[in-house]
Amino acid sequence: MTTTVDNENRLSETFAALANPTRRAILAHLARDEATVNELAAPFELTLPAISKHIKALERAGLVTRGHLAQYRPCALDASPLAEVATWAEQYRPVWEARFDRMDDYLGRLRSQRVTEGHDD
Amino acid sequence: MIDSGGSQDAVRIERTFDAPVDLIWQMWTDPEHFAAWYGPAGATMPVAEMDVRVGGTRLVCIKVTTPNGPMQMWFTGEYREVIANKRLVYTESMSNENGDIIAPSDMGMPSGHPTTTEVRVELEVLGGRTKMVMTHIGIPADSPGAVGWAMAIDKLAAHIDTQR
């Protein structure tokens with residue numbers, strides 16, 4: 001039970017972190033290469049403290065790790081929390097949605113067929 | 001836990017169709033209707049078996065054309081709950097054409113994909129329309145039931161082999 005609650009809290013943190021466009025842009029940057037806070041701040045018209053706040057949110061979600069030894073403490077991406085967002089079940093959602101779209105189309109075809117047959121009677 | 005099926009690894013989709021409930025029921029239980037919507041575009045679905053009663057088996061094949069030529073996938077399962085126009089529950093696993101279950105990892109699926117999943121369909125009449133709730137749930141490999149027994153028998157068979 002505790003495990004489930006922990007998982008859910010972590011998922012909430014992950015989703016909250018992903019909900020912000022600046023943070024998604026930071027993740028996109030880190031997906032290419034690790035970077036310092038200064039490098040991450042460069043594309044944005046934001047102050048360093050504002051960028052640091054975003055990075056802290058990403059760290060809490062476990063999406064970003066920071067080097068401890070290097071002088072500039074570069075940020076790096078840890079994509080593992082994202083794997084939980086895309087469980088096997090979530091990967092099936094678009095498959096089912098597409099199936100039900102086809103079911104809807106098929107029902108429409110059956111209905112128009114019936115109408116046509118009705119006119120023939 | 002909300003549900004004994006487990007609330008986390010499941011996908012739940014709700015749709016309302018402009019069709020009577022008995023027709024939606026047939027969409028799931030009549031092989032011809034089922035084949036008309038279930039497979040991806042361009043696929044054909046020869047249904048080998050759809051014995052829609054509790055304990056009855058199902059065996060369906062999806063044939064798709066890939067750039068590397070035609071490909072067949074087989075799926076097997078068992079009907080667990082059959083209440084006409086109301087509720088249908090069946091299991092699903094990848095299999096061969098004989099209905100022998102194949103582990104997803106052996107089929108090149110990513111780890112974490114359960115060997116057996118359960119599909120629940122619940123129907124509700126809304127005037128002339130039908131509300132459908134579909135839930136697709138992963139069954140933990142250690143749960144009791146058909147899979148658990150199949151695994152136990154596999155282990156027993158392996159054990160007997162080592163004793164020989």
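**Note on the predicted model**

1. From its N terminus, chain A runs through its elements in the order α-α-α-α-β-β-α-α. That amounts to 6 helices and 2 strands in chain A. The model is a predicted one, and the points below should be read on that basis.

2. Chain A has 121 residues, of which 14% count as buried. Among contacts in chain A with a separation of 6 or more, 53% are between residues 24 or more positions apart.

3. Within chain A, helix H2 (residues 21–32) packs on helix H4 (residues 48–60) at an angle of about 75°, and the two axes lie 10 Å apart. H2(A) is therefore roughly perpendicular to H4(A), since angles of 65 to 115 degrees fall in that class.

4. On the H2(A) side, this packing contact is made by Thr22(A), Arg23(A), Ile26(A) and Leu27(A). H4(A) contributes His54(A), Ile55(A), Ala57(A) and Leu58(A). Sorted by class, the contact of H2(A) with H4(A) has 5 nonpolar, 2 polar and 1 charged residues.

5. Turning to the contact between the chains, 16 residues come from chain A and 18 residues from chain B. On the chain A side, helix H6 (residues 88–120) supplies the largest share, 14 residues. The side of chain A that touches chain B has 8 nonpolar, 2 polar and 6 charged residues.

Methods. Residues are numbered from 1 along each chain as its sequence is written. Chains are lettered from A and ligands numbered from 1 in the order in which they are written. This is a predicted model: local features need pLDDT of at least 70, side-chain atom pairs count only at pLDDT 80 or more; totals for chains, interfaces and linings use all residues. Two residues are in contact if their C-beta atoms, placed from the backbone, lie within 7 Å. Helices (H or I, at least four residues) and strands (E, at least two) are DSSP runs, numbered from the N terminus. Ala, Val, Leu, Ile, Met, Phe, Trp, Tyr, Cys and Pro count as nonpolar, Asp, Glu, Lys and Arg as charged, and the others, Gly among them, as polar. A residue is buried if 20 or more other C-beta atoms lie within 10 Å of its own, exposed if 12 or fewer, and partly exposed in between; C-beta atoms are placed from the backbone. Axes are lines fitted to C-alpha atoms, for helices over the stretch in contact, and angles run from 0 to 180 degrees between N-to-C directions. Angles under 35 degrees count as roughly parallel, over 145 as roughly antiparallel, 65 to 115 as roughly perpendicular and the rest as oblique.
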